[in-house]
Amino acid sequence: MAPDATHAEQPIDSNDLEIAYIGGGSRQWAPNLIQDLALSEFDGHVRLYDTNQDAAETNAEFGNWVQDDPDATAEWSYEAVEDLDDALAGADAVILSTQYDPRDTFVHDLRIPKEYGIYGAVAATIGPGGIFRAMRTIPVFRRFAAAIRENCPDAWVFNYTNPVHFVTRALYDEYPDINALGLCHEVLGTRWHLAMLAEEELGMDAERADVEVNVKGINHFTWVDEARCNGVDLWPLLHELKDGERGSKRFTYDDLKDDSVFNDNWQVTWELFRRFGVLPAAGDRHLIEYATSFIADGQDSLNHWGVRRTDADYRAKHWTPAESKQTTNVEGWMEGEREFELESSGEEFLDILEGLTGDGPYVTNVNLPNSGQVSDIEQGPVVETNAVVRDNQVKPVNAGGFPRPVRSMVQGHVDTIETIIEAARTGDVDYAFQGFSTDDQVQTLTPDESRELFGELFDAEAEFLQDWNVDDSDVLAKADTFDA
């Protein structure tokens, strides 16, 4: 069965594009987008909305400042708006890039499960921390979807917010006719790595765009069963490498202590490839949270496979440009304290826009509700596959199914995600706990421990979980760690 295409009724005018940026105070994505737009072939206006109005105003100032750069090729204007409906009114495209202050949320997602022996690497997508991130974000995104339905129902919506599969699913659950794409660069990183292997092992002149893969799965737990570089089949090379020195490295804490947490050694990838015959297509730090056995022995196990934990201290500092390399200090650029060079981010937002306006077809990985593109996962849940982007349409590519063991792993996580989505419709805390209980990381705990972990996380983040019906919850009433 051919999967359904997502399409808008009205075409995009590349000379007068209206973009609503929800989360417009972003400290990473917004500065990247502003630079990409300045170098694009599009002209238009961006309305930045954020609950942190000062941050949105800073980014608006930065966007207008970038337009004076001599290398800017496009004409854009930026404004910060205080009202969500005003930001969305008549928008052609909506960008969603939001999170709560990690000092109040993310640090608990990492710190509290660790006290129960769950040594998650990231806590952004799955596991107890990822699920709580979803629980505090899903209700907000349902409101975003409702506002899009009222103010710009035909807009293209680009979601960069984690956990991508949870929140993109929430958009469609609230507004089934939304034109929303969940976007992530993990598969792009895999294609880049495969291009590097083609250069180093086969002597090819290759870059990411030269690599084609058949990708399928759920965000941060995607798999590849075909890979080519400029038409050359890479599968024999990958099978050779998985059993050689490149695929069999091991590490200690001392080996990794000076590395970036984003450094990817691919050892989890190679091990999963050896076991199941299909290649994972996400960074090891994400894969390791779905394949829980890799973190069974805590830090030693994590480091053994070449992964450094993104700890709570790192996340707390992420909010402050002076303390985080990943957080962009746009004020430093504008005030002349840092040298500014206008450059592309390498993200695919503009490539997709160009495809939608007729400069296509363009093929890339996207997250969309399953309508047949993954053959052995139920229809409805958000899955990640390639899609063809052409004039006013995004059509997912038939990617097939999985070997049975891989399907079992993917399906289990799909069931967890869908349970949380269903629970969020009515704010049913106890049903959400059922989904929480099926998570692979949580299943390493006793039933009492899982209840107490759930209660402690809920108690620590209660300010951000007010859409959930606490008063009717039996599990929270029984949890000693929850202060009702």
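Q: What does buried mean here, and which other classes are there?
A: Buried means under 20% relative accessible area, exposed over 50%, and partly exposed in between (1.4 Å probe, protein chains only). Aspartate 109 has a relative accessible area of 2%, so aspartate 109 is buried. This is a predicted model, in which local features need pLDDT of at least 70, side-chain atom pairs count only at pLDDT 80 or more, and totals for chains, interfaces and linings use all residues. Residues are numbered from 1 along each chain as its sequence is written, and side-chain values use heavy atoms, with hydrogens and water left out.

Q: What is a salt bridge, and how many does the structure hold?
A: A salt bridge is a side-chain nitrogen of Lys or Arg within 4 Å of a carboxyl oxygen of Asp or Glu. The structure holds 20 salt bridges.

Q: Which residue does the side chain of aspartate 109 meet in a salt bridge?
A: The partner is arginine 136, at 2.7 Å, N to O. The pair links distant parts of the chain, with aspartate 109 in helix α4 (residues 106-115) and arginine 136 in helix α5 (residues 127-151), 27 residues apart. Helices (H or I, at least four residues) are DSSP runs, numbered from the N terminus. Arginine 136 is buried, at a relative accessible area of 4%.

Q: Where do aspartate 173 and arginine 169 lie?
A: Both are in helix α6 (residues 164-174), four residues apart, and therefore about one helical turn separates them. Aspartate 173 is buried at 17% relative accessibility, and arginine 169 is buried at 12%.

Definitions and conventions:
Helices (H or I, at least four residues) and strands (E, at least two) are DSSP runs, numbered from the N terminus.
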